[in-house]
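I set out to record what I looked up in this structure, entry by entry.

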Amino acid sequence: MKIISHIDKINFSAEQDSICVEGWVVAKNDAGIQINVIINEKKVSYEMKTKARADVSKIYHKFAINKEPGFCLTIPYDKSEKLKSILIEAVAENKTHIILSKDEKNIEDILNSQILKYSIDNLEKCQKDGKEIYIITGWAAVLGKTRRLDIRLKEKETDREIPYEKEEINREDLIFAGIVSEDQKTSGFKIVYESNSSVTIIFEAPDYHISYVEEIEKYIKRNKRAYHKLLFRQILRNIKFSNCKKLIKYIMRHGFKGLKQAILNGMAEDKDAHYNDWFERHKATEAELEQQKNHKFDFEPKISILVPTYNTPIKLLRQMVDSVRNQSYANWELCIADGSKENKELEAVLKEYAELDKRIIVNILEKNAGIAGNTNGALKIATGDYIGLLDHDDLLAPNALYEVVK
């Protein structure tokens, strides 16, 4: 007896204290299938709804499967008891097939990503009353029926708790983005502490037995790298042949420390420099991108990126396409509708990319229909679960789609 299954989505509903598992299962010759759910090595009851799945029926039509191979399981769980294992199995004619198996680490990863959300936006080191202090700003929230959240600081080597001052900050942007609800608008925080050793910050949702641990040292190192890059760029920007004489005079009068301070003052007035500084500190590293490429989500939708083109400069076109091809999340398709008509060079480049990567689909339009019409031309060839819009001279950060799916 052959049984085949697939899990589409696992969702921990903190509001209902339940686990929702969606997917499909088929057995050859339409054998009756019994599904068992085992939580923490104990068999539990559940609710199940079945549904038709035309895609599954089409692929496995030789199995003579039933009309509703799709399922949605709602499994209640007691949040006071830590989830250590989940096992879902299908049984047909004494044949047992494992549909889903998650251990404690897998469950913790899913719970963390769905219930406990946080971001460390910035970390500053400064002097106050002759002491070196650190200021952490960011936000954290528990998305559940009970929303208790604890934040702790510990010395990495001694595990000693570090006292700190915390200020709550309104984050209307999180509400606007749909991340938190109205009653969680004070999810932002500003934490001030002093320490001379390596520190970890711990975000905990004790009611759900989940936590995140971040090493502050990582953010300090990232800040230093970003600061030195920004400082170097600012120095290069100010060193020109026309002002070399002024530069030498300034150094002779104020020294290199004075020059450094003058450059920093210029950076403080440069709004772009502030954003560049923030971006350098928060962009994904090569190691993080490599980890993202190997990461498997429980739900990995195909994202169709729609791009209308019209006499796009070849250099900009290549940069845009390459930024999509370099994504750390792989399940995408790039749908390009070109309204340039007689631009053979552009058409040749588009066909070159379509042959190079099967995820790139090109629709050569009969005429230019403007940005809206050309975008609709791209939409016609899209087959993804989600749609994204991209201009022909835009660039995607390499982790953009990964963050969307996450």
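**Aromatic pairs**

I searched the whole structure, a predicted model, and found 7 aromatic pairs. I noted Trp24 as buried because its relative accessibility is 9%, under the 20% limit. I also recorded one aromatic cluster formed by Tyr118, Phe189, Phe203 and Tyr212. Separately, I found Lys9 over the face of Phe299, at 5.4 Å from the ring centre.

**Nonpolar cores**

I looked up the largest nonpolar core and noted 48 residues, of which Phe12, Ile19, Ile88 and Ile136 touch the most other members. A second, separate core has 22 residues, including Phe297, Met320, Trp332 and Ile360.

**Sheet and helices**

I then traced an open sheet of 4 strands, in the order β18-β17-β16-β19 and with parallel pairing. At its edges stand β18 (360-364) and β19 (386-389); each has a single partner strand, so one side of each lacks a neighbour in the sheet. I recorded an average twist of 25 degrees from one strand to the next. Between β17 (residues 332-338) and β18 I noted 5 bridges, and Leu334 stands opposite Ile360 in β18.

Helix α8 (residues 314-325) lies across β16 (303-309), β17 and β18, at about 160 degrees to β17. Helix α9 (residues 344-356) lies across β16, β17 and β18, at about 150 degrees to β18.

Methods. Residues numbered from 1 in each chain as written. Predicted model: local features only at pLDDT ≥ 70, side-chain atom pairs only at ≥ 80, totals over all residues. Heavy atoms only, no water. Core = buried A, V, L, I, M, F, W, Y, C linked by side-chain atoms within 4.5 Å. Buried < 20%, exposed > 50% of the residue type's maximum accessible area, 1.4 Å probe, protein only. Phe/Tyr/Trp six-rings, centres within 6.5 Å; stacked < 30°, edge-to-face > 60°. Lys NZ or Arg CZ within 6 Å of the ring centre and 35° of its normal. Pairing = 2+ DSSP bridges. Helix = DSSP H or I, 4+ residues; strand = E, 2+ residues; numbered from the N terminus. Axes fitted to C-alpha atoms, helices over the stretch in contact; angles between N-to-C directions. Contact = heavy atoms within 4.5 Å.
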